[in-house]
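Subject: Structure handover

Hello,

Here is the structure we talked about. Please open it first, then read the notes below.

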Amino acid sequence: MSTTAANITVRTSRWLTALVGALCIMALSMITTLDGEIALPAPTDMQITLGGITTIEQTFTITRPDLVGLEIQIHPAAQIVPDLRVPLHLRYADGSPVDLVSESLSVQTAKNGVITVRFPLLVAAHDLRVPTTTLALILDVPQLQPNTGPTVTARENHQTQETLIIDGRISANRELVFAPLYQRRWADSLWPISAMARGKPGILGWPPLYALLAYTYLIILGGGIANLRRRFLSRND
Amino acid sequence: MDTGPTSVSLSVASPSPNLALERTDRWRSLRDYALLRWLLPLALLHGVLYLVIAPPWQHYDEPTHFEYAWLIVVHNHIPTMDESDPQMRHNALESMDRFRFYPPGQHVDLTDPNPPEIGMNQRYHPALYYMLVALPLRLVADLPIDVQLYTARTLSLILYTLIIAIAWRVAVVVVPDEPLIQLVVPLMLLFTPSFADMMTAVNNDVLVNFAAAALLLGCVLLVCGGMHPTSLVLATLALGVGLATKRTAVILLVPYVLALLWALHRTPLRLWKVAGVLVIGTLMSAFAGLEIGHAANGTQILALRPWLNQLDSSYLRLSLDSWVRSVSDFEQTNVLYQLLLTISFTSFWVRFGWGNIIIGSWADWMMVGICVACAVGLIVQGWRSRSQMTISQQRCIWIFLIAVVLGCLSLVARLHPLPSPGYIPYIPRGRYIFTVMLPVIWLIVLGWQGLFPNRWKHVSPIIILGLWGAIDLIVWSNTLIAYFYGVG
């Protein structure tokens, strides 16, 4: 009787350990953080006043797949225009002009001259083996008096292949100052579960599933082998 | 009236020897199935891993195999070679593009109202497999095409899981007193990564492989248990399903006939008599049907005799003459056979996806080493164990061996007739003989045991199982991930 009870206790504790392990795996594979490329002030920074401008377009290359936001340097004007909103579009630089993201920036919400735009995880249709895709950030500036209104920051950059276009004219050797925000999943450094889930339908699009599947398989395999080993050893005894 | 309860209590208190024996048998049978309770979820999870890791469309001809089943669902009849659905193709191409099916930088034109082909038309195959796939597909016909594809893959997953159960049952029947082999054979089949990859794809090979495994179980049941109706029905049904699925199942006819013969004639046959009948039969058939002819370049080759040629052209329509001429033209085929050996061997063991994903050359060479060593070990084992094995076991191993040899010969046969000089023919891949994967695994396990002295014989399968498990782990956790997801 006591042996049976002990067996049940051992079995239950094994199941519980496996379950706790599964919960840990799931929790760990759900942890995500934001990675931003901080745009530090530079001596060549210049302010572009939005008044009198219709559109500002800046192409940029994303270096990682999971783009989830942008931090744009924008300073409200000295004379506050109540509830000034600047429509923002994010598109592929090449191909048809389909909006990947369409937002309206409320200039008054800028904190320390920075507006953070967050959007659902952007799955860029690029080949992961060539992880670069060029996107275009477009600001549709509302009608304002010339040289009035908020300003955005641009700076000199002679190295970049990316282009700043203001009202259809290329502004050579300059770029808009902003920082892309990427989602970083810790578990990806061990196994690329985000990439595995990307674009897949239903539950297959949930990254922790892959970690849980691998874990469950290995647990069942290991548990079974240990069990069989015990059985064979006891038979040989 | 009074005797009733007394007799019951008596029977409970001291069971008759027969009842006790029956209970012991039942208990043993339940304990036997305990292994299956572990194997089935393991196989299912292993299959699920392969199923979800490979992105949509990333198996041999998966788009067109899927298209065949999809057309059955939508048109409610078996499609002709020319039938297609532009919207389905558009959706499939869009999905293929989205899941990076095409090389970097290459995209399909999705605005074209007449989308291009999505692969090699598969509608020359019999419809049985596709009708089966159509059943679950009907339930998800309104959902996105990716969901439909994964649903179709799920049928393969179920068949893969069942094959592992069949492999276990074959082992229990062939070696009832060797629990380690009963464990190692199904696990090695489970761990064979190329097989798991194929068995979780949308492809009619999946059903042929399942039918072949079921047939093998029927055969060993017939050989070990005699002409039992269940075994006969299982073997016959499995053969029927195989033949109605793909022509690669034709090689299964030989093990089936052999098993029937051995089920009827259960006493030993003299080896020299069997060999004599085979040799004389082959020579007589060859003499009756073939003659010496000449190739275009003047070399001597074999050709059909006029009567057989006439029969072929008027009835069989197999182009036998060009096939025989091609096979016997050794000058032209010599180099091709080397190519066939390399491509079919590597694709049998260590190629994935569309045959483009490799583990590394070390794995190729390791498999060569294991196979050569196991071939030697098989001879040693055959000699060493000839007196220890029962006649049924010997016959089962003969069936495995014959199935594997026929599989290899079928690959050679598939190469012919060769095209005109200057054109490179299609070199068949190893997947065409996944039908004999289970017999191959058996021969590997037996051969491996033959490499070790008797006192190591019982632990040697653990070593090969460990190797297999390690390769499998490398494949699903690294090789496939590195290829499909760019890291690993």
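Between domain 1 and domain 2 of chain A there is 1 salt bridge. The term stands for a side-chain nitrogen of Lys or Arg within 4 Å of a carboxyl oxygen of Asp or Glu. A:Asp66 and A:Arg198 form a salt bridge, with 3.0 Å between the closest N and O atoms. On the side of domain 1 of chain A that touches domain 2 of chain A, there are 3 nonpolar residues, no polar ones and 2 charged ones. Here Ala, Val, Leu, Ile, Met, Phe, Trp, Tyr, Cys and Pro count as nonpolar; Asp, Glu, Lys and Arg count as charged; the others, Gly among them, count as polar.

Before you go further, some ground rules. This is a predicted model: local features need pLDDT of at least 70, side-chain atom pairs count only at pLDDT 80 or more, and totals for chains, interfaces and linings use all residues. Residues are numbered from 1 along each chain as its sequence is written, chains are lettered from A and ligands numbered from 1 in the order in which they are written, and side-chain values use heavy atoms, with hydrogens and water left out.

Back to the two domains of chain A. Domain 1 spans 34-185 and domain 2 spans 191-232; such bounds come from an automatic or database domain assignment. Their contact (heavy atoms within 4.5 Å) takes 5 residues from domain 1 of chain A and 6 residues from domain 2 of chain A. Together the two domains bury about 460 Å², 58% of it on carbon and sulfur atoms. Buried area is the accessible area (1.4 Å probe) that two parts lose on being put together, summed over both. The domains also share 2 residue pairs in polar contact, both residues at pLDDT 80 or more. A polar contact is a pair of N or O atoms within 3.5 Å; within protein, one must be able to donate a hydrogen and the other to accept it, and residues adjacent in sequence count only if both atoms are side-chain atoms.

A:Asp66 turns up again. A:Gln183 sits in strand E13 (residues 178-185) of chain A. Helices (H or I, at least four residues) and strands (E, at least two) are DSSP runs, numbered from the N terminus. A:Gln183 and A:Asp66 are 117 residues apart along the chain, yet their C-alpha atoms are separated by 5.5 Å. Beyond four places in sequence, A:Gln183 touches several residues, including A:Arg64, A:Asp66 and A:Leu121.

Now the chain A and chain B interface. It buries about 2,800 Å², and carbon and sulfur atoms give 75% of that. In chain A, 29 residues are in contact with 34 residues of chain B. Which element of chain A gives the largest share of the side that touches chain B? H3(A) does, with 14 residues. By class, that side of chain A has 19 nonpolar, 4 polar and 6 charged residues.

Last, one site in chain B. B:Cys374 lies in helix H16 (residues 361-384). Buried or exposed? B:Cys374 counts as buried because its relative accessibility is 3%; buried means under 20% relative accessible area, exposed over 50%, partly exposed in between (1.4 Å probe, protein chains only). Leaving aside neighbours within four places in sequence, B:Cys374 is in contact with B:Ile444, B:Gly447, B:Trp448 and B:Leu451.

Best wishes
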